[in-house]
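Dear colleague,

Here is the structure I said I would pass on. My notes on what turned up in it follow below.

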Amino acid sequence: MTETPSTVPLEKIPQHVAIIMDGNGRWALQRGLPRLAGHKAGTENLRRVIRASVELGVKYLTIYAFSTENWGRPPEEVKGLMYILEDVIDRELNELHKEGVQLRHIGRLERLAPSLQEKVLDAIEVTKNNSRLILNIAFNYGGRDEIVQAIQRIIKDGVPPENVTDKLVGQYLYTVGVPDPDLIIRTSGELRVSNFLIWQAAYSEWYITPTFWPDFDKEEYRRALETFAHRDRRYGKVTSGELQETNA
Ligand code: IPE
Ligand code: IPE
Ligand code: MG
């Protein structure tokens, strides 16, 4: 059931959308609220965007929820963000499971409280056979950390240097088996990658909007997908149109 009919042709829907959900703090500040209120509003919005992804036919959704650098925030905020993850799993797991969402985690679990680690692992286990939408939650995730770990494991496995290829590296990343993101959305207008999927984003298309994450609604999501549908992805080559002209 689609509330807002999508104008994006089905074949142009990105298979994998990744989102840097940014601007919760500024959203709260604008309203004279504590930053955590912004994170809560952001979480409400996430629920809407997950639902819209299912409806629009996106197959993989990766969301950046907590970076390896976010530990540097005030302890109260860090604690609040941990609590929010726990609360989201408690409150949303059943519904997500019913909708056919498969939960996955990318990043390091070790530094989280044991009870939270358990909760995440349990949610992954419960939803592992779902296939309507693969939802990768990047929590305590850092792109450099991911690559460093991959290199360490490649060395440990005794892989001969000549066997280290682009493809092999991909197999050592958290995202093994997941196609690279077609579209990366960043809210709140920041023009930087902030350590998100730095390997996988080699040829992703970017959509940056000044809208703060809690306000990034379905309309704007659809607009992002529409913009993507008109992009000419060249991968370093020339467009098919240009090729015809050259050959003429
Ligand atoms: C994004 O919002 C959420 C996290 C990084 C956890 P921010 O908290 O970064 O919001 P701003 O950028 O300060 O507005
Ligand atoms: C990126 O946002 C991390 C998440 C959205 C989880 P930040 O707000 O942490 O990024 P910077 O500090 O502005 O680069
Ligand atoms: Mg931010």
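An open sheet of 6 strands runs through this predicted model, with the order 3-4-2-1-5-6 and parallel pairing. Its edge strands are strand 3 (101–106) and strand 6 (205–208), each of which pairs on one side only. On average, neighbouring strands of the sheet are turned by 20° against each other, direction ignored.

One pairing in more detail: strand 1 (residues 16–20) and strand 2 (residues 60–67) are joined in the parallel sense over 5 bridges. Within strand 2, threonine 62 is the bridge partner of alanine 18. As background, strands of a sheet pair through backbone hydrogen bonds, either parallel or antiparallel.

Now the ligand. Ligand 1 sits in the largest pocket. The elements that give two or more residues to the shell around ligand 1 are helix 1 (24–30), helix 2 (35–56) and helix 3 (75–98). Helix 1 gives the most, with 3 residues. In total, 13 residues surround ligand 1, and the closest are Asp22, Gly25, Arg26, Arg35 and Arg73.

- Arginine 73: an N or O atom in its side chain is 2.7 Å from an oxygen atom of ligand 1.
- Arginine 35: here too a side-chain N or O atom is involved, 2.8 Å from an oxygen atom of ligand 1.
- Asparagine 24: a backbone N or O atom lies 3.1 Å from an oxygen atom of ligand 1.

As for cover, ligand 1 on its own has 380 Å² of accessible area, and the protein covers 86% of that.

Regards

Terms used. Residues are numbered from 1 along each chain as its sequence is written. Chains are lettered from A and ligands numbered from 1 in the order in which they are written. This is a predicted model: local features need pLDDT of at least 70, side-chain atom pairs count only at pLDDT 80 or more; totals for chains, interfaces and linings use all residues. Side-chain values use heavy atoms; hydrogens and water are left out. Two strands pair if DSSP finds at least two bridges between them. Helices (H or I, at least four residues) and strands (E, at least two) are DSSP runs, numbered from the N terminus. Axes are lines fitted to C-alpha atoms, for helices over the stretch in contact, and angles run from 0 to 180 degrees between N-to-C directions. A residue is near a molecule or strand if one of its heavy atoms lies within 4 Å of it. A polar contact is a pair of N or O atoms within 3.5 Å; within protein, one must be able to donate a hydrogen and the other to accept it, and residues adjacent in sequence count only if both atoms are side-chain atoms. Accessible areas come from the Shrake-Rupley method with a 1.4 Å probe; for residues, only the protein chains shown count as cover. On a 1 Å grid over the protein atoms alone, a cavity is a set of points where a 1.4 Å probe fits but cannot get out, and a pocket is an open set with protein on both sides within 12 Å along at least five of seven lines; lining residues have an atom within 4 Å of a point. A molecule sits in a cavity or pocket if more than half of its atoms lie within 2 Å of its grid points.
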